[in-house]
Amino acid sequence: MNTMQDLMCAIRESERIAVFSGAGVSTLCGIPDFRGANGLYRDPNMARMFEIDLFDRDPSFFYRYANGLVYNTETIHPGPVHLAVKRLQDVGKCAGVITQNIDCLHERAGSDPVFAVHGSAVLHHCRTCGDVKTFDEIVALRAKAEDGVPHCVKCGGVYKPDITFFGEALPEAAFYGAMRLAQEVELMLVLGSSLTVSPANSIPPLTVRAGGRMVIVNAQPTAYDGMADATFPDLKEFADAVMEAFPTL
Ligand SMILES: [Zn+2]
């Protein structure tokens with residue numbers, strides 16, 4: 001497999017594929033990443049936004065910083081890769097998406113199932129009584145709140161997104177679902193992930209160990225390139241190729 005067209009052929013010949021996505025697919029929509037050269041974690045404040053103790057002391061800190069990453073639906077939209085992945089589902093190829101991203105953009109693009117292995121903002125739980133609200137409900141509640149913090153409609157507590165904060169356990173159901181999917185598919189497409197964050201980076205290789213193939217599309221080399229059938233650097237080229245190779249019916 002040498003060219004993007006070869007990759008499109010490999011997708012066409014596969015009955016079931018899965019996508020494993022990372023920050024690179026969202027940086028294409030203008031969302032900054034966390035660990036890259038200009039990543040958010042270079043700002044010490046940003047590095048603290050996922051501290052659970054800080055969230056419980058001052059939730060406005062998280063919600064202030066998370067606005068431009070997750071909640072601002074005016075400026076944050078699914079990008080070309082999210083739409084290409086949804087297209088692969090529409091044409092019956094993509095059996096599921098595994099993502100390290102917390103921004104809900106695969107879900108907002110219509111992909112289903114999405115296994116968000118670092119949690120996501122699709123659902124929020126009240127820290128006090130456990131009441132559940134959807135992303136859209138939280139966006140509406142935040143718009144009405146002066147400090148941008150969504151308060152529980154039942155008890156006045158604070159809603160926290162089901163994003164895995166530092167020190168919290170990874171979402172088991174998403175993780176096991178992702179592992180099962182990886183073992184079932186013929187082709188695993190790694191999109192926009194450098195596969196550096198453990199244990200999520202152990203998921204795509206499961207496809208190879210189960211006899212399937214892995215292709216990596218990422219701007220930088222990854223530690224798993226040697227395990228891949230092919231690697232490509234350009235996500236936008238990938239997204240364009242998918243839209244052209246798999247037109248809607
Ligand atoms: Zn509550």
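Guide: Helices and strands here are DSSP runs, numbered from the N terminus. The model is predicted.

Visitor: P199 is found in the loop between which two elements?

Guide: The strand on one side is β7, residues 187–191.

Visitor: Is the peptide bond from S198 to P199 cis or trans?

Guide: Most peptide bonds are trans. For S198 to P199, omega is near 0°. That bond is cis.

Visitor: Where is P113 found, and what is the form of the peptide bond from D112?

Guide: P113 is found in the loop between α7 (105–109) and β3 (114–116). Omega from D112 to P113 is near 0°. The bond is cis.

Visitor: What is phi of C104?

Guide: Most residues other than glycine have a negative phi. C104 is not a glycine, yet its phi is positive. C104 has its place in the loop between β2 (94–99) and α7. Its phi is near 65°.

Visitor: Is C104 buried or exposed?

Guide: Buried means under 20% relative accessible area. C104 has 3% relative accessibility, so C104 counts as buried.

Visitor: What is the phi of L195?

Guide: L195 is found in the loop between β7 and α10. L195 is not a glycine, but its phi is positive. The value is about 55°.

Key: Residues are numbered from 1 along each chain as its sequence is written. This is a predicted model: local features need pLDDT of at least 70, side-chain atom pairs count only at pLDDT 80 or more; totals for chains, interfaces and linings use all residues. Side-chain values use heavy atoms; hydrogens and water are left out. Helices (H or I, at least four residues) and strands (E, at least two) are DSSP runs, numbered from the N terminus. Buried means under 20% relative accessible area, exposed over 50%, partly exposed in between (1.4 Å probe, protein chains only).
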